[in-house]
Amino acid sequence: MDVSPEHLVEQARERFQLQDYYGAIHLLQEVLASGRAFADAHQLLGLSYALADQPDKALTQFDQALGLNPNYVEALIHRAIVLNELGREDEADAALRRAGQLTGETRHGLPSHVAAKLANQHAALGDAYAEAGDLPQAIAQ
């Protein structure tokens, strides 16, 4: 049975809520292996790595999330926290300044955090269309 990336991320969120960070990491690595990871998966994986005391892997995942969505405020904030814990205060301050700038911005008349969540939902819908074989709709999303 093929499990969708969205379902795996939801299971990972449940593991994360139970403070089973290694369980969340395992599930999220499956999402990455599918080649269909999205910003939320990288963000949650980064957070799981950070809480499992693996800061370098955490930063890599936050950077992946930001590569997919440069306006991902939570990824910027969590990245800043990890950088600060590593003693990289200048980089942490820059990430926090960027997050602060984004929280005041709007996109298409919506607050940036709302627009980012909608963008993630469009990505998930695109994946669903791709799974169903409707590639033009997947691309449109």
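Mentor: By contact I will mean heavy atoms within 4.5 Å. This is a predicted model, where local features need pLDDT of at least 70 and side-chain atom pairs count only at pLDDT 80 or more, while totals for chains, interfaces and linings use all residues. Residues are numbered from 1 along each chain as its sequence is written, and side-chain values use heavy atoms, with hydrogens and water left out.
Trainee: OK, which residues is Arg79 in contact with, neighbours within four places in sequence aside?
Mentor: With those neighbours set aside, Arg79 touches Leu59, Phe62, Asp63, Leu66, Glu91 and Ala95.
Trainee: And is Arg79 buried or exposed?
Mentor: Arg79 counts as buried because its relative accessibility is 18%, where buried means under 20% relative accessible area, exposed over 50% and partly exposed in between, with a 1.4 Å probe and protein chains only.
Trainee: Where does Arg79 lie?
Mentor: Arg79 is part of helix H5, helices being DSSP runs of H or I with at least four residues, numbered from the N terminus.
Trainee: How do H3 and H5 pack?
Mentor: Helix H3 (residues 39-51) and helix H5 (residues 73-85) have axes 10 Å apart, at an angle of about 20 degrees; axes are lines fitted to C-alpha atoms over the stretch in contact, and angles run from 0 to 180 degrees between N-to-C directions. H3 is therefore roughly parallel to H5, a label for angles under 35 degrees.
Trainee: Who makes that contact?
Mentor: Gln43, Leu47 and Ala50 of H3 meet Glu74, Ala75, His78 and Val82 of H5.

How values were computed:
Helix = DSSP H or I, 4+ residues; strand = E, 2+ residues; numbered from the N terminus. Parallel < 35°, antiparallel > 145°, perpendicular 65-115°, else oblique.
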